[in-house]
Amino acid sequence: MNCPCCSGKSYDECCKPFHLGQRHAPTAETLMRSRFSAFAIPNGDYLMETTLPTKRKLHNKEDLQEWGEINQWTKLEIVRAPSANEVEFRAFYIGEKGNPQLHHELSLFQKLNDRWYYVSGEFLD
Ligand SMILES: [Zn+2]
């Protein structure tokens with residue numbers, strides 16, 4: 001299958017090794033892509049594991065899993081990466097009631113012990 005992150009690669013050659021823990025995402029952007037794919041799959045464990053440990057208490061694995069499940073994740077667009085630890089993206093999805101939705105966010109990432117983690121996001125219009 002094509003990778004849900006819209007890289008044009010197959011899932012096996014793109015985000016799957018990250019989801020299975022075989023490899024760690026080498027950049028903030030690849031981590032961001034793999035987290036989008038993890039909503040599409042969905043894989044709540046991965047979303048939790050890739051959140052900065054000190055920020056995990058702000059999230060709930062079941063909620064992440066459910067958010068992935070109830071929406072249909074159609075497209076990811078990377079808008080820009082203003083620095084090595086920031087990625088602006090647009091995530092397109094079809095909501096529960098069949099309505100198209102757009103999530104536009106500037107995400108902040110942090111590298112810790114050679115692994116990238118999601119820190120937080122600023123929602124944009
Ligand atoms: Zn991918």
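## The largest pocket

Helices, of at least four residues, and strands, of at least two, are DSSP runs numbered from the N terminus. In this predicted model, five such elements each supply at least two residues of the lining of the largest pocket: the helices α2 (28-40) and α4 (61-70), and the strands β2 (86-94), β3 (100-112) and β4 (115-124). With five residues, β4 gives the most to this lining.

The volume of the largest pocket is about 470 Å³. Its lining is made up of 22 residues, and those that lie nearest the centre are Arg35, Phe39, His103, Glu105 and Tyr118. Sorted by class, the lining of the largest pocket has 13 nonpolar, five polar and four charged residues.

## The zinc site

Four cysteines coordinate the zinc ion at 2.3 Å, each through its SG atom: Cys3, Cys5, Cys14 and Cys15. Along the sequence, the spacing of these donor residues is C-x1-C-x8-C-C.

The angles that the four donor atoms subtend around the zinc ion run from 104 to 115°, so the arrangement is tetrahedral. For four tetrahedral donors, the ideal angle at a metal is 109.5 degrees.

## The nonpolar core

The largest nonpolar core has 26 residues, and the members that touch the most others are Met32 and Phe109. Two or more residues of this core come from each of α2, α3 (44-49), β1 (72-83), β2 and β4. The largest share is that of α2, with six residues. In soluble globular proteins, nonpolar side chains tend to be buried together.

## Backbone features in two loops

Most residues other than glycine have a negative phi, and most peptide bonds are trans. The loop between α2 and α3 holds proline 42. The peptide bond that leads from isoleucine 41 to proline 42 is cis, and its omega is near -15°.

The loop between β3 and β4 contains asparagine 113 and aspartate 114. Asparagine 113 has a positive phi, near 50°, and the phi of aspartate 114 is also positive, near 70°. Asparagine 113 is exposed because its relative accessible area is 74%, and aspartate 114 counts as exposed at 63%; the cut-off for exposed is over 50%.

Definitions and conventions: Residues are numbered from 1 along each chain as its sequence is written. This is a predicted model: local features need pLDDT of at least 70, side-chain atom pairs count only at pLDDT 80 or more; totals for chains, interfaces and linings use all residues. Side-chain values use heavy atoms; hydrogens and water are left out. Donors are N, O and S atoms within 2.8 Å of the metal (3.2 Å for Na, K and Ca); water is not among the atoms, so sites may look incomplete. Four donors count as tetrahedral if all angles lie between 85 and 135 degrees; four count as square planar and six as octahedral if opposite donors are over 155 degrees apart and all others between 65 and 115; anything else is irregular. On a 1 Å grid over the protein atoms alone, a cavity is a set of points where a 1.4 Å probe fits but cannot get out, and a pocket is an open set with protein on both sides within 12 Å along at least five of seven lines; lining residues have an atom within 4 Å of a point. Grid points are joined across faces, edges and corners, and a volume is the space filled by probe spheres set on the points. Ala, Val, Leu, Ile, Met, Phe, Trp, Tyr, Cys and Pro count as nonpolar, Asp, Glu, Lys and Arg as charged, and the others, Gly among them, as polar. A nonpolar core is a set of buried Ala, Val, Leu, Ile, Met, Phe, Trp, Tyr and Cys residues joined through side-chain atoms within 4.5 Å. Buried means under 20% relative accessible area, exposed over 50%, partly exposed in between (1.4 Å probe, protein chains only).
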